[in-house]
Amino acid sequence: MKLTREGIDRVAVLARLRLTPEEQASLTEDLDHILGYMEKLNQLDTADVEPFNHAVNIENTLRDDRVTNQPNADALLANAPARDATFFKVPKIIE
Amino acid sequence: MSLAQLTLHEASDKLRKRELTSVELTEAVYQRIADTDDKVHAYLTLAREAALEQANRADEKLKQARDPAPLLGIPIALKDNFLTKGLRTTCASKILGDFIPPYDATTVDKVRSAGAVIIGKTNLDEFAMGSSVENSAFFATCNPWNLERIPGGSSGGSAAAVAADECIAALGTDTGGSIRQPAACCGIVGLKPTYGRVSRYGIIAFASSMDQVGPMTKDVRDAALLLEAIAGQDPADSTSINSSVPRYSAALNGDIKGLRLGIPKEYFVSGMQIEVGEAVRSAIRELEKHGAVIEEISLPHTEYAVAVYYIVATAEASSNLARYDGMRFGRRANGKDLIETYMISRDEGFGAEVKRRIMLGTYALSAGYYDAYYLKAQRVRTLIRKDFDAAFGRCDVIVTPTAPTTAFRLGEKTQDPLQMYLSDIYTISINLAGLPAISLPCGFDGEGMPIGLQIIGKHFDEATILRVADTYERATEWHKTKPRIQDR
Amino acid sequence: MKYEPVIGLEVHAQLLTESKIFCGCSTKFGQEPNQNTCPVCAGFPGVLPVLNRRVVEFAIKAGLATHCEIARSSILARKNYFYPDLPKGYQISQYELPVCIGGYIDVDIDGTQKRVRLTRIHMEEDAGKNIHDAHGDASLVDLNRAGVPLLEIVSEPDMRTAAEAGAYLRTLRQILQYLEVCDGNMEEGSFRCDANVSIRPAGSEILGTKIEIKNLNSFRAVERAIKFEIDRQIDTLSDGGTLIQETRLWDENREETRSMRSKESAHDYRYFPDPDLLPLIIDDTWTDEVRVTLPELPATRKQRFAAEYTLPAYDAELLTARKDVADYFEAAVKVHPNAKALSNWIVGDLFRVLKERKLDDQLYISHWPVAAAHLAQLVQMIDHGKITGKIAKTVFEAMLDSNKPPQQIVGETGLEQVSDTGSIETAIDQVLASNPKQLAQYQSGNEKVFGYFVGQVMKATQGRANPQKLNEILREKLKTSVRQ
C-alpha cells in the first residue's frame, strides 16, 4: 500500500494535527518506509489466530455503584486555559 | 564516599541504626545534583523544599518507628510521566504546559506513604516515546558514563540519575523497554514487572496494554525492595491483578541450582555488537557455575515483534493522546475556530516523534486499514505470546541481552526512526506478552560503556528473575563500578 | 409508484445509577456546572476507567426483558473523535461485541401485535454538555453529564409507519421504567431517540437510502418527524430527485427536518477494544441472579390483572401503565379485595390528583398523596356501610397528604356516622314530631313510611347517622308509638 499525500492529509485531520508542507513530506516518507516494514506481517497466515486480548487472564474488576467523589470543580479548573465561572471555556462551537 | 552513592538498602540500614538522617541524605543528594546535573541533565523539575520537609518528617518517624519501612527517608526520583499532586508534571512535552496534577499516581501515593522523599521529576522522551531521551521537548539527558552518549530511553533521566548518584533509587515506566534499555545503557538495574502487577493509575498513558511501572536501582536488592513497595492490586486500575505480592527481597537466597535458563536462538544473531554477545554468554556461563542448566529455546516470531509493537503501541497512543486538545488543561493555541485551535495546539504542542506515532497509529486504526494493520498485529501478538508460553514449558527464565548495542552517540539515530525502533528488538516482545523482565549490568564494551543482561520470567514470577539476577550480581563487581562524570 | 417506509430506532436510555459508569462521581441532575466531575470523567492525564457493576446489571436486565441473548464475553471499545464535550477524545462504548444481542419487543398497535426485533443493546458513557451562544466568541463546557451511563438500544428496521415507531418507543420506555433502569423522561433527555428512515418501492426487499433524524425530544416529535421525512422522501423521489445518506435535524418550530451541514467529509471513529478495560465476562450465574430480580413486565401484568381481578381490559391497561400504580393497586387490593371499586378510585380520583400535582412526571411516585392501604380502607368503609359513597369523596379529599387512615379522618372531622344513642334519639324525636301525618300512616300499618323517616333523620344529621343504630332506635320508637 503506497501512502499518498492525500492519505496523510486525511489522517492528519482525523488526528487533529496541522502539518507544515515539510512535515507532510517527511511524514509521508517516514510512514511509507515504516508501513513498508510492517508488510512483513503478511508473511504470516493468521486466519485461525485469535487477536490478542489481554496479557493475563483475570476476572472482571468492577466497582460498586457508590458515589465516592466530593465535588471539587475548582481543582479541575485550575489547569484550564480558559474558564468562565465553573465552566471550561472553549472556542465557539459551530454546529 | 558520598552519602549519595549509597544503595537503598545500605541507606535504609544506616537510617535505622541512626548513623544517618534522612535530611543529611537528602542534602547529600541535592549536593550531588548541584555538582553533576548541569552535565547529565537528568532532572526536569526538582522539589527541594517539599523533599526536605518529607525528610524531616521521615526523621521524626524513624525516631519512633520500631520496624520502619525500607523506603522511609529514602530520596527517590520519579520519571516525569508520574502524576504528582501539586508538583509540575510535563511528560517532557510542551503540550502539557505547566500542568499541575490535581492528584497523585497510585504508585506515587504508595512511595509517599512508605516515607520516601521525592527529589524531583526526571527527563524522558516526550510521552515516553523513544529510546534515547532525545525526544524530550526540553533538553537531552547525557549518559553519565560518557556525556556524548544517550542514556537510553525513555526512562533515561531516571537511569542517568541513578547511575550518577543523583538519587538513591528511581521509578520509571516501560512500554517497550523503557526501563530496561536505559538501565543497560547506564549500567544500573531496571525491572519491568508483569503487566498488571503494578498500578498504572496516574501514569500518563502511552500504550495502555503494555505500560508498566518499575524500579530503577543501583542493585538487585534495591529493585526487590522498591517493587515490594509499589506492587499490588489497585481498585482504580481494572487491569491490575489481584495476586498476592511476595516479599521479593526474601527470595534473594543465591540458590539457582537446577534452574533452567532458556537461551532463545533468535536473540543471538547478526546486528548485535560483538562485545554485547560475549558479555551475555559469559554471564550465562557464570550462572551455569551456580548450578543453572542451559536450555536452547526458540521464539520463532521474534522477527515480527517490532512491526507488531509499533502498530499496537501507536494505535493505542493515538487514542490516549487525543485528550491533549487544549480544552481543559495544557497549552491552547489561538486558532480562528475550534478545529484550527485543535490542530495548531497539537501541532505546536507535540514533538516530531509523537506526531509521527500519532499519525501511524491513527492510520493503523482508520477505516480500510484496521484489519490489515491493527487486527493483523493483534493476531501476530497472540503468536508471540504463544512462543513464550511454549518456551516456558522448557525453562524457568529466559536470558538475553537487553539491547543489541551499548549506548549510541547523541544524534546518531535521530534521522532514521525505523533504525531507532529496531534497537528495541530484545525488549518489546516482553511487553507484547506482558511478562516480567529485569536488566542488570554484565560488563563493559571497549569504550567503557555498560552492557545489560536481560532475564525474563513467567507471568508474576518476578521473584525468580530477581533471585537469578541477585545470584549473578553477588558473583560480579559490575554494579559497583561508578562512572566518572567528565566534561564533554 | 407506491413506496413502503422502513423505520428503525436507536434509543439512548440514561441509567438510574447513583454514580457514573467509570468513576465515583454522582449522576445527580441539575448540579452547578462541573460539580459532578473528577479527573476520570474530565479525561485528565493518567486516569483509568473502572466499570460500574450496576450498569452491567441494568444492561442484563434490559436484555432479558427484551428477549436478547446476553453475551458471555463482551468488549468495551473506544470510539474516537474530537469534541469539547468529549474529554478523552474518545467515548467508551461497545462495538463489535455488545452486551446484548438480538431480542425483540412485542408492540400493541390498535389491538394487533407487532414484533419489532432488536439488533443489540450496548453500554456506553454519555458526553458532557456544550453551551453555545452564551458568549459571543466562546462556548462553555459542563462535564457533569460526561460519564453518565447509557444503554443504546438499536432496533431492526422493522417499523413501517410513524404510529408503529411511536408505539414501539412507548412500549420500550414502559419496559425500561418497569425495570427501574431508566426514568424515561424525554424532555430532560434521559430517554433519547434517533430515527433511521428510508423508503423503498412497495414489495422490494432492498433498503433505500437511509436518513438519520436527530433532535427528537418528545413522542410527538418522533412521530411528526418520521411522517414528515417519509413524505419528503416520497416527494423527492416522485419528482425525480435523489436522496443522499445524511443526518437531518428535526426543527420543532417549523415542523420539518433539515440537513445538518456535515463538518467532516466522513466520520471515521477508529473503534478498537479499550485496553484499559478487560473483556466483560457474564456467566450464567450472574445472568440468573439478575433474572430472578426481573419484575413482571407490563404486557403480562395487564393480562393477569384482567384475569385475576376480573377487570375490564381498559382498567387493566390503565392500572399497569406504570409499575408503581400497578404495585399500588395490588397493595390496596390485598387490604380489601374489591378490585373494580379500587380501580375506579385509582383511575378516577387518584389519577386526577397525581396529574394536578404533576406527581406522574416522575418515574416513581415518591410520595403517594394517599396510602394504598388507606384507599382500600376507604372502599371497605363504604362496602361495610360505615360511610356513604358521597361522604367517601369528602373523606378522600381530607386524606390527601394527611397520612391518616380514613377511620381517623371520619372520626376527627365529625364525618363519622353519629352512633351515640342520645343524638340519634333526639333527631328521631324531632323528625317524628314534625311529621305527624307520616307517623299516623305508619301507625296505621304503612311500614313503607319507615324509609321516609330514615331519610329525614339522615338529612337532619347530614348523612352521618349510623344507619344500623338509626334503624334500631327508629324501629323501637315507632313500636312504642304504635303501642301507645
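**Ground rules.** I worked with a predicted model, where local features need pLDDT of at least 70, side-chain atom pairs count only at pLDDT 80 or more, and totals for chains, interfaces and linings use all residues. Residues are numbered from 1 along each chain as its sequence is written, chains are lettered from A and ligands numbered from 1 in the order in which they are written, and side-chain values use heavy atoms, with hydrogens and water left out.

**Chains A and B.** I looked up the contact (heavy atoms within 4.5 Å) and found 50 residues of chain A against 67 residues of chain B. The buried area (accessible area, 1.4 Å probe, that two parts lose on being put together, summed over both) is about 5,300 Å², with 70% from carbon and sulfur atoms. I noted 5 salt bridges across this interface, each a side-chain nitrogen of Lys or Arg within 4 Å of a carboxyl oxygen of Asp or Glu. A:Glu23 and B:Lys355 meet in a salt bridge at 2.6 Å, N to O.

**Chains C and B.** Here I found about 2,700 Å² buried, 60% of it on carbon and sulfur atoms. C:Pro45, C:Leu48 and C:Phe82 supply 23% of the area that chain C buries against chain B, more than any other three residues. I counted 1 salt bridge between these chains; C:Asp276 and B:Arg200 meet in a salt bridge at 3.1 Å, N to O.

**A helix pair in chain C.** Last, I checked which residues of H8(C) meet H10(C): they are C:Trp345, C:Asp349, C:Leu350, C:Arg352 and C:Val353. Helices here are DSSP runs (H or I, at least four residues), numbered from the N terminus. Their partners in H10(C) are C:Ala392, C:Lys393, C:Phe396 and C:Glu397.

Terms used:
Helix = DSSP H or I, 4+ residues; strand = E, 2+ residues; numbered from the N terminus.
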